[in-house]
Amino acid sequence: MPTASDFERMLRGVALRVTRPRVAVLSAVHDRPHADTDSIIGTVRADLGGVSHQAVYDVLRALTAAGLLRRIEPPGSVARYEARVGDNHHHVVCRSCDAIADVDCAVGTTPCLTASDDHGFSIDEAEVIYWGLCPACSTATSS
Ligand SMILES: [Zn+2]
Ligand SMILES: [Zn+2]
């Protein structure tokens, strides 16, 4: 588990000033991957006390822009944040309970960056979402 000084080093590494809300948000997202904004606000407030919603939104935006966090937003779901960045992994989402898990790229390293037709775009990321039912929900459905 990364410590507060690891988080401070990450912030300095992307030239962001070290502040307690930034460290608290990084720590919250590392602890609970794919957390939504409300639960991140809850964790940060339990940690630091009176931090405004807006302050947490601002920190999430800054950390995402700096590449320390990745924002994912499956269609029909609220935005989620995770600290596993830069590896182009994918997600599997439960249609019933919104559970999310990480899925490594299907074959080798980022083969799916090669679009069958790139339409002249310079492509640097491919995001795949697998939809289905998580084990708990498929057990509940079949019984
Ligand atoms: Zn489920
Ligand atoms: Zn993930």
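Biologist: How many residues does H3 have, and what distance does H3 reach from its first C-alpha to its last?
Modeller: This is a predicted model, in which local features need pLDDT of at least 70 and side-chain atom pairs count only at pLDDT 80 or more, while totals for chains, interfaces and linings use all residues, and side-chain values use heavy atoms, without hydrogens and water. H3 has 12 residues and reaches 16 Å, close to the 16 Å expected at 1.5 Å a residue (1.5 Å times one less than the number of residues). Helices are DSSP runs of H or I with at least four residues, strands are E runs of at least two, and both are numbered from the N terminus.

Biologist: Which residues of H3 are buried?
Modeller: Thr-37, Ser-39, Ile-40, Ile-41 and Val-44 are the buried ones. Buried means under 20% relative accessible area, exposed over 50%, and partly exposed in between, with a 1.4 Å probe and protein chains only.

Biologist: What do they pack against?
Modeller: The buried residues of H3 pack against helix H2 (20–31), E1, H4 and E3. Just after H3, Gly-49 takes a positive phi of about 85°.

Biologist: Which residues have a positive phi although they are not glycine?
Modeller: Ala-15, at about 60°, and Asp-98, at about 70°, are among them. Ala-15 is in the loop between helix H1 (4–13) and H2, and counts as exposed because its relative accessibility is 70%. Asp-98 lies between strand E4 (90–94) and strand E5 (100–103); at 37%, Asp-98 is partly exposed.

Biologist: Where is Val-18, and what is it in contact with?
Modeller: Val-18 also sits in the loop between H1 and H2 and is partly exposed, at 30% relative accessibility. Neighbours within four places in sequence aside, Val-18 is in contact (heavy atoms within 4.5 Å) with Glu-8, Leu-11, Arg-12 and Val-23. Its C-alpha is separated by 8.7 Å from that of Phe-7, 11 residues apart along the chain.

Biologist: And Val-93, buried or exposed?
Modeller: Val-93, which belongs to strand E4, is buried because its relative accessible area is 3%. With the same exclusion of neighbours within four places, Val-93 has contacts to Pro-74, Ala-99, Ile-100, Ile-129, Tyr-130, Trp-131 and Gly-132. Val-93 and Ile-129 are 36 residues apart in sequence but 7.0 Å apart in space, C-alpha to C-alpha.

Biologist: Changing topic, what is the strand order in the open sheet of 3 strands?
Modeller: The order is E1-E3-E2, with antiparallel pairing, where a pair needs at least two DSSP bridges. Strand E1 (35–36) and strand E2 (70–72) are the edge strands, each pairing on one side only. E1 is joined to strand E3 (residues 80–82) by 2 bridges, and Ala-35 stands opposite Tyr-81 in E3.

Biologist: Which residues line the largest pocket?
Modeller: The lining consists of Asp-36, Thr-37, Asp-38, Tyr-57, Leu-60, Arg-61, Thr-64, Arg-71, Val-78, Ala-79 and Tyr-81. Helix H3 (37–48) and helix H4 (53–65) are the elements that give two or more residues, and H4 gives the most, with 4 residues. A pocket is an open set of points on a 1 Å grid over the protein atoms alone where a 1.4 Å probe fits, with protein on both sides within 12 Å along at least five of seven lines; lining residues have an atom within 4 Å of a point.

Biologist: How is everything numbered?
Modeller: Residues run from 1 along each chain as its sequence is written, and chains are lettered from A and ligands numbered from 1 in written order.
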